[in-house]
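Trainee: I should like to learn how to read the features of a structural model. May we go through them one at a time?

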Amino acid sequence: MSHSNNKKIFLTHFQLLCFITVLSLTALFSGGVAATPKVSQLDSANETVSETAETEKMTPSKEMLNAMSNLENKDRAVTDGLTNMERIEKYTKSGFVHILPLGLDHILFVLALFFSTIIFKKLFWQITAFTLAHSVTLVLSSLGFISLSGSIVEPLIALSIAWMAIDNIRNEHTSSKRLWVIIFFGLLHGLGFASVLSEFGLPQEAFLTALFAFNVGVELGQLTVLLAATAVFYFWSQKPSYRAFVQVPMSAIIALVGLFWFFERIL
């Protein structure tokens, strides 16, 4: 068996291990949620402290807090006292800032998509699928229809980065099946966006407007990342050495960072 086949088999097994880990984590945390009513008062207090620490970990940046300076109390979602244009500007800026410069995990996922192919048509459909998927869960989570703890979402987002980067190394040409994996991971990233958005709330009198503006900001951030990557790597992408000297090494770096974050977030 050739070295190339051995490497593909190893990477395939690693990706299967990632999926098993995803399922195990989901089952573990789901079981923890179901057992909550049975814990002692001391355990409940410890859990409260843990949840507080998690909340502090996910606190928005100074830039986001400044952008949301009018929303200071628990009833902040009732009104924000802004005109419609001011509201659109504020939430669009907040969505953009969540990608650039703060959303490094989302940036790396977008770059993993970018390094998957030099064929624009394939890249277009991958980015479109990711955008639609994370928009769906962002809306559903903001409306209160779905909810998932950040202690589950954040490790899975890191694992999604590693998965996509490893798939770039395994396959020089992406298949149509990859699109469904991207949609699944897009749903996860949407929950990550929603967890940040929930920190500063949405005005009830213009809920959909603010939500749409935030999502537009996110998309503008992603588009900026793609344009910057294209500007840096387009010339080299036309050369035969692109895969060996850019696509595979960059994907390997992204995969290592994703794995590091995954273990950091579960330990």
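Trainee: Which residues of α10 are buried?

Mentor: This is a predicted model, in which local features need pLDDT of at least 70, side-chain atom pairs count only at pLDDT 80 or more, and totals for chains, interfaces and linings use all residues. Residues are numbered from 1 along each chain as its sequence is written, and side-chain values use heavy atoms, with hydrogens and water left out. Buried means under 20% relative accessible area, exposed over 50%, and partly exposed in between (1.4 Å probe, protein chains only). In α10 the buried residues are Y242, R243, V246, Q247, S251, I254, A255, G258, L259, W261 and F262. An α-helix has 3.6 residues a turn, so residues three or four places apart point the same way.

Trainee: What should helix α10 span, and how far apart are its end C-alpha atoms?

Mentor: The expected span of a helix is 1.5 Å times one less than its number of residues. Helix α10 (residues 242-266) has 25 residues and should therefore span 36 Å; its end C-alpha atoms are 35 Å apart, which agrees.

Trainee: How many helices and strands does the protein have?

Mentor: Helices (H or I, at least four residues) and strands (E, at least two) are DSSP runs, numbered from the N terminus. The protein has 10 helices and 0 strands. Of its 267 residues, 43% count as buried.

Trainee: How many aromatic pairs are there?

Mentor: A pair of aromatic rings is described by the distance of the centres and the angle of the planes. Rings of Phe, Tyr and Trp (its six-membered ring) pair if their centres lie within 6.5 Å; planes under 30 degrees apart count as stacked, over 60 as edge-to-face and the rest as tilted. By this rule there are 10 aromatic pairs. One of them joins F109 and F185, whose ring centres are 6.3 Å apart with planes at 85°, so the pair is edge-to-face. Because F109 lies in helix α5 (residues 104-114) and F185 in helix α8 (residues 178-200), the pair ties together parts that are 76 residues apart in sequence. Both F109 and F185 are buried. Ring pairs also link F109, F130, W163, F184 and F185 into a cluster.

Trainee: Is L140 buried or partly exposed, and where does L140 lie?

Mentor: L140 lies in helix α6. L140 has a relative accessible area of 31%, so this residue is partly exposed.
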